[in-house]
Amino acid sequence: MKKKIAALALGLLLCAGLTACGSKSEDTGSAGSGSAVTATTEAGPTLQQEIISFVGDSLPSISGDRDRAVQLYNEYFSVGGEKDSDKWMTTLSQEALPKYDTYLGNLKALKTTNPEVESLKKLYLESAELQRDAIQLVVDAITNADSTILDQAQKKVDDSKAKLEEFNTQLKTLCEQNNITLEGIGE
């Protein structure tokens, strides 16, 4: 039964989406993906600087644990070989979920000063928490040999994708309003 439940989880592929921005404003200096504009105001970074820093530096700097957790989750769906759902459940429980929890802790700890960037962070965090919940639900489905739990996991994955799309839309709008070139959204 556990193998059958794990096989039903095939549609629950997680995504590790991230978007990069760069500045196109000549008067504030140019910033490619991963670098921030150097000037700041006395009150802190400008909105443009914080968007570039948050998306280009902060999120990528903490993404390793999330990427590894998603990789461990998605490895089960790789082509070839017999799949052992018990082994996968152990990997998810003992490796993927702890990595994801570390990632969530680091994401929550990121400091933002502008309300617009805080809103972006909130959307991104909500998407990440939904992904983490989906992984836990898959573990629960295998543990309890209950395929109905997979429906809940699929809903979490779908909700996570919707939050990530909302994040990307809000980010794109903010970048357009603040003269920032987008790299990687919708491409």
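The side chains of R68 and E75 meet in a salt bridge, with nitrogen and oxygen 3.7 Å apart, the term salt bridge standing for a side-chain nitrogen of Lys or Arg within 4 Å of a carboxyl oxygen of Asp or Glu. This is a predicted model, in which local features need pLDDT of at least 70 and side-chain atom pairs count only at pLDDT 80 or more, while totals for chains, interfaces and linings use all residues. Residues are numbered from 1 along each chain as its sequence is written, and side-chain values use heavy atoms, with hydrogens and water left out. A search of the whole structure finds nine salt bridges, and the chain holds five helices and two strands.

**Salt bridges**

- R68 counts as partly exposed because its relative accessible area is 30%, and E75 is likewise partly exposed, at 38% relative accessibility; here buried means under 20% relative accessible area, exposed means over 50%, and partly exposed lies in between, with a 1.4 Å probe and protein chains only.
- K163 forms a salt bridge with E126, in which the closest N and O atoms are 2.9 Å apart. This pair links distant parts of the chain, with K163 in helix α5 (residues 148–177) and E126 in helix α4, 37 residues apart.
- K163 counts as partly exposed because its relative accessibility is 25%, and K163 also belongs to a network of salt bridges that links K122, E126 and K163.
- K156 and D133 meet through their side chains in a salt bridge of 3.9 Å, N to O. This pair, too, links distant parts of the chain, since K156 lies in helix α5 and D133 in helix α4, 23 residues apart.
- K156 is partly exposed, at 26% relative accessibility, and D133 is partly exposed as well, with a relative accessible area of 29%.
- As a general point, side chains of opposite charge can pair when their charged atoms come close.

**Overall layout**

- From the N terminus on, the elements of the chain run α-β-α-α-α-α-β; helices (H or I, at least four residues) and strands (E, at least two) are DSSP runs, numbered from the N terminus.
- Buried residues make up 43% of the 187 residues in the chain.
- Residues 24 or more positions apart account for 72% of the contacts in the chain with a separation of 6 or more, where contact means heavy atoms within 4.5 Å.

**Helices α3 and α4**

- The axes of helix α3 (residues 85–109) and helix α4 (residues 115–144) come within 10 Å and cross at roughly 160°; axes are lines fitted to C-alpha atoms, for helices over the stretch in contact, and angles run from 0 to 180 degrees between N-to-C directions.
- That angle makes α3 roughly antiparallel to α4, given that angles under 35 degrees count as roughly parallel, over 145 as roughly antiparallel, 65 to 115 as roughly perpendicular and the rest as oblique.
- The residues of the contact of α3 with α4 divide into 15 nonpolar, five polar and five charged; Ala, Val, Leu, Ile, Met, Phe, Trp, Tyr, Cys and Pro count as nonpolar, Asp, Glu, Lys and Arg as charged, and the others, Gly among them, as polar.
- T91 is found in helix α3 and counts as buried because its relative accessibility is 16%. Leaving aside its neighbours within four places in sequence, T91 is in contact with L72 and A96.

- The axes of helix α2 (residues 47–75) and α5 come within 10 Å and cross at roughly 140°, which makes α2 oblique to α5.
- The crossing of α2 and α5 is left-handed, and the contact is made by L47, I51, F54, V55 and L59 of α2 together with F167, L171, L174 and C175 of α5. By class, this contact of α2 with α5 has nine nonpolar, no polar and no charged residues.
- The axes of α2 and α4 come within 11 Å and cross at roughly 5°, and the two helices α2 and α4 are therefore roughly parallel to each other.
- L47, E50, I51, F54, L59, R66, V70 and Y73 in α2 meet E116, V117, L120, K121, Y124, Q131, I135 and V138 in α4. The residues of this contact of α2 with α4 divide into eleven nonpolar, one polar and four charged.

Key: Left-handed = near helix turned anticlockwise from the far one by under 90°.
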